[in-house]
Amino acid sequence: MEHPPTAEATESHYFINNPPPKSLKSNVTLAREFIDRHAEIGRRVVLVTSGGTTVPLETQTVRYIDNFSAGTRGATSAEYFLQEGYAVIFLHRQFSLLPYSRHYSHNTRSFLDFMKEENGRVVVDEQHQEEMLRVLRQYTEAKRENKLLILSFVTITEYLWELREVAKLMQPLGPKALFYLAAAVSDFFVPHDRMVEHKIQSSEEFSQTNGNNGNSSGKPPAARTEGRSLVIDLEPVPKFLKQLVDGWAPEGMIVSFKLETDPSMLVRKAQYSLEKYAHHLVIGNLLMTRKWEVVFVSTMEGEKWIRVPRNRRTKSISGIESWVGRAAGANADSAEPARAELSSPQGEPIVEIESLIIPEISEMHTKLIAQAQEDKTLQKS
């Protein structure tokens with residue numbers, strides 16, 4: 001009977017067969033200097049992952065599958081981690097939202113709408129000056145104190161290489177390391193040795209003559225044309241969260257996310273993830289209510305719901321406010337009639353839910369650090 005490969009063998013196979021990104025060496029150098037600097041003064045460091053990963057279908061990539069995410073949760077959370085005193089390594093999908101600049105990018109309004117010309121000079125419009133000054137001061141402080149390091153990825157393989165190497169660099173931080181895994185990570189991918197070299201042709205005649213179905217594995221290409229159809233045969237991405245917990249960052253606090261669309265499954269899936277990977281905290285959120293409520297599932301505190309107070313919410317075009325409370329087995333807003341997604345007025349919460357999430361995590365992290373120090377003292381005695 002053939003036994004399944006060990007976690008170590010799976011890790012080794014993946015990273016041997018899927019080459020590192022060209023930027024890895026320089027990013028590792030930047031991360032090492034950043035981590036060492038903050039470790040020296042005893043500051044906590046959090047790795048925030050943000051945005052979605054892509055799955056290229058060709059080596060010279062034209063076509064790809066994308067786990068779409070604007071990176072709102074990650075970019076917003078990074079700002080609140082900085083307010084809590086953390087140094088932040090922000091590992092994000094290239095061109096997704098960034099801390100601070102998120103207030104003015106990916107917006108329905110052009111950035112130029114915040115400015116005007118005055119006496120031949122460009123100035124910020126009066127109605128936006130106070131808010132922009134607040135954001136600018138926060139950004140300037142983070143930059144001046146060198147508390148924010150921004151790294152990027154595009155593909156799932158780039159993401160996993162960066163995550164593994166940065167996590168290993170954070171090991172000397174011990175329990176003062178925190179991992180906040182908010183990226184939307186692909187569950188399936190095309191292995192490098194099953195990837196075609198050139199653009200997949202839509203015409204059967206050209207696909208037969210230009211050799212685009214060749215690859216180095218001897219297996220059929222994972223993405224190929226058969227007649228007039230495009231056939232994509234993806235393989236599962238190894239679940240490396242367990243390696244992060246057990247090997248890459250054995251002392252750090254690890255926070256993962258679970259996004260669902262079915263309220264009845266949210267808590268159950270979060271609990272399953274916590275038990276399977278044995279990390280510290282799973283934050284569950286529903287697609288339709290993620291701006292207003294999340295659930296913390298942890299061994300430390302069990303199930304704990306965090307909600308933006310009803311009178312501090314605004315409507316979101318991507319959410320249904322009447323769903324708030326459903327995943328908890330109740331309908332917190334049952335007095336309101338159900339509203340279709342597109343009928344909700346456009347807007348963002350008056351209170352960003354990340355402003356409630358991050359202090360809670362910081363408090364949990366403080367308790368875990370204290371427990372680790374206590375355990376260390378007991379071991380010495």
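**Close-up views of a strand and a pocket**

**View 1. Phe90 and its partner in the neighbouring strand.** Phe90 has Ile150 of strand 7 as its bridge partner. The model shown here and in the other views is predicted. Strand 7 covers residues 148-153 and is joined to strand 4 by six bridges. The two strands run parallel.

**View 2. Strand 4 and its pairing with strand 1.** Strand 1 spans residues 45-50. Six bridges link strand 1 to strand 4, and the pair runs parallel. Leu91 in strand 4 stands opposite Thr49.

**View 3. Burial of strand 4.** Strand 4 takes in residues 87-93. Seven of its seven residues are buried, that is, under 20% relative accessible area. Strand 4 is therefore largely enclosed by the rest of the structure. In a regular strand, side chains alternate between the two faces of the sheet.

**View 4. The second largest pocket.** Rolling a probe the size of a water molecule over the atoms shows where empty space is left. The second largest pocket holds about 420 Å³ of space. Its lining is made up of 20 residues. Nearest the pocket centre lie Pro56, Thr61, Thr155, Glu158 and Met195.

**View 5. What lines the second largest pocket.** Strand 2 (54-56) and helix 5 (156-169) are the elements that each give two or more residues to the lining. Helix 5 supplies the largest share, three residues. By class, ten lining residues are nonpolar, seven are polar and three are charged.

Definitions and conventions:
Residues are numbered from 1 along each chain as its sequence is written. This is a predicted model: local features need pLDDT of at least 70, side-chain atom pairs count only at pLDDT 80 or more; totals for chains, interfaces and linings use all residues. Side-chain values use heavy atoms; hydrogens and water are left out. On a 1 Å grid over the protein atoms alone, a cavity is a set of points where a 1.4 Å probe fits but cannot get out, and a pocket is an open set with protein on both sides within 12 Å along at least five of seven lines; lining residues have an atom within 4 Å of a point. Grid points are joined across faces, edges and corners, and a volume is the space filled by probe spheres set on the points. Helices (H or I, at least four residues) and strands (E, at least two) are DSSP runs, numbered from the N terminus. Ala, Val, Leu, Ile, Met, Phe, Trp, Tyr, Cys and Pro count as nonpolar, Asp, Glu, Lys and Arg as charged, and the others, Gly among them, as polar. Buried means under 20% relative accessible area, exposed over 50%, partly exposed in between (1.4 Å probe, protein chains only). Two strands pair if DSSP finds at least two bridges between them.
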